[in-house]
Amino acid sequence: MTENGTMVTEFVLMGFPLQADLQIGLFFVFLVVFLITMVGNLDMIVLIQTDPRLQTSMYFFLSHLSLLDICYSSVIVPQFLETLGTDKMVITYERCASQFFFFTLCASTECFLLAVMAYDRYVAVCNPLLYAIAMTPQTRLGPMAGTYAGAIVNSVIRTGCTFSISFCKSNHVDFFFCDLPPLLKLACSETRPREWVIYLLAFLVITTSISVILTSYLFIIQAILKIRTAGGKAKTSTCASHMTAVTLFFGTLIFIYLKGDMGKSLEEDKIVSIFYTVVIPMLNPMIYSLRNKDVKEALKKVFNRMRVSQTE
């Protein structure tokens, strides 16, 4: 219910209160970022599916990461562009809840997936002789299914807790999409029990994933220090790319969802949210391709085919 006693059936996303010329500039900037994100991640998926050298578990998980980045951008960016184009945007209650659910699903899945990818690197570096046996096309489906199942459970509970709250202070969301901190500021009912459940879930998802990643990389670092051949050390090149993606993603999540004053500084939250919902999905294909010899070779192969077809 709003302040005049009516039920909330829609929300108004306020976006960024900027001058008209700045909003137009930002519109085109983020449109370009969105297009680059779509093309880069789709290219990564197609490349992994079509190149025989990229049929290992690492690239299987990487293709799912690219799929998640596409979903991330598709859930957030088109609406963000509409908000920039119209200064504010009206979104129905149901659409807001749906966006919240799918955004949480993407974020939770990526947390678990990055942990699975760290474990995959641990097996590849620390137990290379067992890697082909431990990570077969069949066995890697288990961790992937667990990743999606855990994310779905977290998303259902988190969305249910959030949208069982009564919103009566206003229906104006001081954000560019339906996220937890700005929605909590509109609550007029008691939110403390639900906040604790939401906070606990976020804490469990993030800390569990980070624990698996850190443990895996502690063993990886020990193994790297024992590797003396150049060929052996070359196998660890993907670890740096993965740790870059992990640092960027979890750093922003911790800043927003695990800090003590969640929702009290929405302007800072907006900037950080843009980074991990808009910028990081664009950067991930670059992070994993620029330092990856296999991906570079696969790209060269594609470009050579294009040149040959053009000359024929």
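Helix α5, which covers residues 141–162, has 22 residues that at 1.5 Å a residue should span 32 Å, and its end C-alpha atoms lie 31 Å apart, which agrees. The expected span is 1.5 Å times one less than the number of residues in the helix. Helices here are DSSP runs of H or I with at least four residues, strands are runs of E with at least two, and both are numbered from the N terminus. The buried residues of α5 are Met144, Thr147, Ala151, Asn154, Ser155, Arg158, Thr159, Cys161 and Thr162. They cover an arc of only 155 degrees around the axis, which puts them on the same side of α5. Buried means under 20% relative accessible area, taken with a 1.4 Å probe and protein chains only, and the arc is that of the directions from the helix axis to the C-beta atoms.

This is a predicted model, in which local features need pLDDT of at least 70 and side-chain atom pairs count only at pLDDT 80 or more, while totals for chains, interfaces and linings use all residues. Residues are numbered from 1 along each chain as its sequence is written, and side-chain values use heavy atoms, with hydrogens and water left out.

Three strands form an open sheet of mixed pairing in the order β2-β1-β3. The edges are taken by β2 and β3, each with a single partner strand, so one side of each is left without a neighbour in the sheet. Two strands pair if DSSP finds at least two bridges between them.

| Strands | Sense | Bridges | Residues |
|---|---|---|---|
| β1 and β2 | antiparallel | four | 10–13 and 89–92 |
| β1 and β3 | parallel | two | 10–13 and 172–173 |

Within these pairings, Glu10 stands opposite Thr92 in β2, and Val12 stands opposite His172 in β3.

Confidence is given as pLDDT, the predictor's confidence in each residue from 0 to 100. The protein averages a pLDDT of 84, and 87% of the residues score at least 70. The mean is highest in α5, at 94, and lowest in helix α8 (residues 230–234), at 53. Over residues 1–5 pLDDT stays under 50. Where pLDDT is low, the predicted coordinates should not be read in detail.

Key: Buried means under 20% relative accessible area, exposed over 50%, partly exposed in between (1.4 Å probe, protein chains only). Contact means heavy atoms within 4.5 Å.
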